[in-house]
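Hello,

Here is the structure to look at, with notes on what was found in it below. Please read them with the model open.

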Amino acid sequence: MRLPALVVEIAVASTAYFVASILTFEVLTPVQDLFFVDFYSSASLLFLPHGVRVLTAWLLGWRSIIALLPGVFLTYFYLAGMKAFLPSRLAGIAIAVLVAPIVFETIARLWRDIRPSLNREPCWYCVMGAGVISAIVIGILTNLAFGSPPLDYFAFFIGDVLGLFVLMLILMLVFRQLRKASS
């Protein structure tokens with residue numbers, strides 16, 4: 001891999017992750033708080049960054065770790081300041097960048113390779129399934145690292161899965177419009 005291509009991957013993936021995080025925490029979560037006043041958790045019920053990390057892992061494989069790391073770290077630093085360097089937060093950062101590529105690799109070894117290929121159409125249900133598995137593993141590990149109550153696991157899972165689904169839906173609509181515009 002050439003350095004300029006890697007720099008582009010890092011810039012695109014990390015920017016997408018950070019923008020999705022800002023949109024989630026500065027727009028979606030305050031709206032969520034208006035409708036769910038008694039919601040006990042700080043988890044977003046529509047966590048768009050999960051969609052970014054899953055789709056990045058699907059597209060880039062192991063390179064997604066490097067591509068997402070700056071954006072994930074910036075998000076943690078934005079939200080926690082210097083507390084981003086606490087062991088629990090560093091564990092959260094590692095979990096956020098490692099789990100999805102591990103899930104895709106595990107699926108490829110145990111079942112079939114669902115990563116992008118010129119020889120086959122993407123299996124979007126498979127990508128969504130890998131995202132659900134990633135959401136379960138990320139939710140369990142992150143909540144263990146943060147010492148969250150068990151009910152938070154479900155809130156994280158719902159937010160991750162809905163975030164992935166909504167992001168995939170948005171991208172599908174955008175690409176459909178781009179195809180219409182080019183034809």
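**Notes on the model**

F36 lies in the loop between α1 (3–35) and α2 (48–60); helices (H or I, at least four residues) and strands (E, at least two) are DSSP runs, numbered from the N terminus. This is a predicted model: local features need pLDDT of at least 70, side-chain atom pairs count only at pLDDT 80 or more, and totals for chains, interfaces and linings use all residues. Residues are numbered from 1 along each chain as its sequence is written, and side-chain values use heavy atoms, with hydrogens and water left out.

The protein has six helices and zero strands. Its radius of gyration (taken over C-alpha atoms) is 16 Å, close to the 16 Å from the globule rule for 183 residues, so the protein is as compact as a globular protein of that length. That rule is 2.2 Å times the number of residues to the power 0.38. Along its principal axes, the C-alpha trace spans about 50 × 35 × 35 Å.

Of the 183 residues in the protein, 39% are buried. Contact means heavy atoms within 4.5 Å. Among contacts between residues at least 6 apart in sequence, 70% join residues at least 24 apart.

Regards

Note on methods
Buried < 20%, exposed > 50% of the residue type's maximum accessible area, 1.4 Å probe, protein only.
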